[in-house]
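Subject: Structure for your records

Dear colleague,

Please find the structure below, followed by some notes on what turned up in it.

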Amino acid sequence: MDYNKLAELLFPKVECSPDEIEAKFPQRDLPQGAFVTRFAPSPTGSIHFGNLFAVFTSERLAHQSGGVFYLRIEDTDQKREVEGAVEVLIDLLANYGINFDEGALIEGDNGSYGPYRQRSRKDIYHVFAKRLVAEGKAYPCFCSEEELNSIRERQEEEKANFGYYGKWAKHRDMPLAEVERAISEGKAYTVRFRSEGSADKKLRFTDLVKGDLEVTENDADYVLLKSDGIPTYHFAHVVDDHLMKTTHVVRGDEWLSTLPFHIQLFAALGWKLPKYLHISPLMIMDGDSKRKLSKRKDPEASLTFFREKGYPVAAMREYILSTLNSNFEEWRSANQDAPAEDFRFSPKKMSVSGALFDRDKLNDISKNVISRLTADEVYKLAGEWAYEFDRGFYGLMSEDPDYMKAILNIGRGGKKPRKDITVWSDLKEYAGFFFEPLFAPDYTYPEGLDRGGIAQIIREYGLMFTGEYEDQNGWFDEVKALSERLGFCPDTKRYKQEPERWKGHVGDVSMVIRVAVCGRQQSPDLYEVTRIMGEKMVKNRLKAAAEQLPYGTDSGV
């Protein structure tokens, strides 16, 4: 067989040489030890939350090593492509703090190693496909879909492995004259790789997550170019990863089955194999057993779920790091104020069997992250979320920024900051009682107090309240004095010793005031609440509460 003649027959328009292509993609000028990684999705719809773990791994490996993280779009499947999917994907990833150094960005290709969309790289793939044919490592296959189905049926009857290999590869050694005749007759053909592997042999491979593996050699003649000249994923990603100088490939472990073929391709082309990290799927508990996170069953599988709920980007990043690396929580405990990016991410600390999604753990991390933010930071981030997802609340919180920031500043800072807010969507419930349009009181007072006694507390507190106190101690001293005057013990310890002497204790009095002012039993620090609301609002709240009780209209409030 004259393979050079066959190559010219299949690729008459390819005049560029592999060396000329290589020259357009020189070695990257990066520090020693820098990694080049990529995210290479197909624009066929939204990505799974589990995919984010692979993306995050790629981003951390590149950026913490001083390398490059790029976006490549594998758009060779035109039939399944969803219009606008790339733009949505980039926007969603940016919401998780994932930004690319180069690639197929919204504004167009950015970088010197493009095009970054595979459909625009068709001519490049043909150059290397022609080389493989010229070296006797690839050949044309004229099998129709019906013929391939027939082969599969016979394999099933003979209980043989499925695939195009060995005796089933009917066009593997097709004479050149027959190839010329088939092409002249206009028969469609694919270009297949000529595998020299054997299913009886094993090869050893080291995966940076799975460790040392032994896999069966590939003996199948996989398709490199489809009949329309568009490459398959297998061929395209090998060519692209080589030319774009990818050092580490992070992908799901569903690709392990075709890894032997990819190893073959790199070897056949004479290129260095990148390091591979195959990640197990994200798992979730379903009753007492684990299963894969499912787009169909689990709302958490969608990237938009966490955005709509209002999880801060920093919380999501911390959660993903803590799930990917078993030592992150220990590091965070020792570095509580450090940015998560300071953590040294390592593939060696990744789970071999697959990470478990834990919503409770995510919520705890989110509370901690939000508690460490300043009031200004909370106002900004919560405002951005509310503007997109709750425009009505955004209008209220932006009417008076200083008022809202004062609310957000309650219990913030110090060694033990309050952790009332888990996600931005909680903020409306947390702070809603500060705003009259959202105030929906639940006047449930402490048990054991009669309505007349409650009305008296509200009335007397309304008469004494001025809103002018030097500090919390001064305010609480007046509440204690009021308690004692009304027959309530001003000290809870004393009350426990002689409960029969009192109507209740100062905590009961504080709770009555809290319910009357806040319309709930749970609220931030009551002194801070009344200080922020001011005398007029507090007295209006007391009056409204008193009107729900006996003698309310004559309460003196």
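Helices α5 (residues 122–134) and α8 (residues 233–243) of this predicted model pack with their axes 10 Å apart and at an angle of about 105°, and they are therefore roughly perpendicular to each other (65 to 115 degrees). Axes here are lines fitted to C-alpha atoms over the stretch in contact, with angles running from 0 to 180 degrees between N-to-C directions, and helices are DSSP runs of H or I with at least four residues, strands being runs of E with at least two, numbered from the N terminus. The contact (heavy atoms within 4.5 Å) involves Ile124, Tyr125, Phe128, Ala129 and Leu132 of α5, together with Phe235, Ala236, Val239, Asp240 and Leu243 of α8.

Ser195 lies in the loop between β6 (190–193) and β7 (202–207), and with a relative accessibility of 4% it counts as buried (under 20% relative accessible area, 1.4 Å probe, protein chains only). Apart from neighbours within four places in sequence, Ser195 is in contact with Arg172, Asn218, Asp219, Ala220, Asp221 and Gln264, while its side chain reaches the backbone nitrogen of Gly197 at 3.1 Å.

As to conventions, local features need pLDDT of at least 70 and side-chain atom pairs count only at pLDDT 80 or more, whereas totals for chains, interfaces and linings use all residues. Residues are numbered from 1 along each chain as its sequence is written, and side-chain values use heavy atoms, with hydrogens and water left out.

With kind regards

Terms used: Buried means under 20% relative accessible area, exposed over 50%, partly exposed in between (1.4 Å probe, protein chains only). A polar contact is a pair of N or O atoms within 3.5 Å; within protein, one must be able to donate a hydrogen and the other to accept it, and residues adjacent in sequence count only if both atoms are side-chain atoms. Angles under 35 degrees count as roughly parallel, over 145 as roughly antiparallel, 65 to 115 as roughly perpendicular and the rest as oblique.
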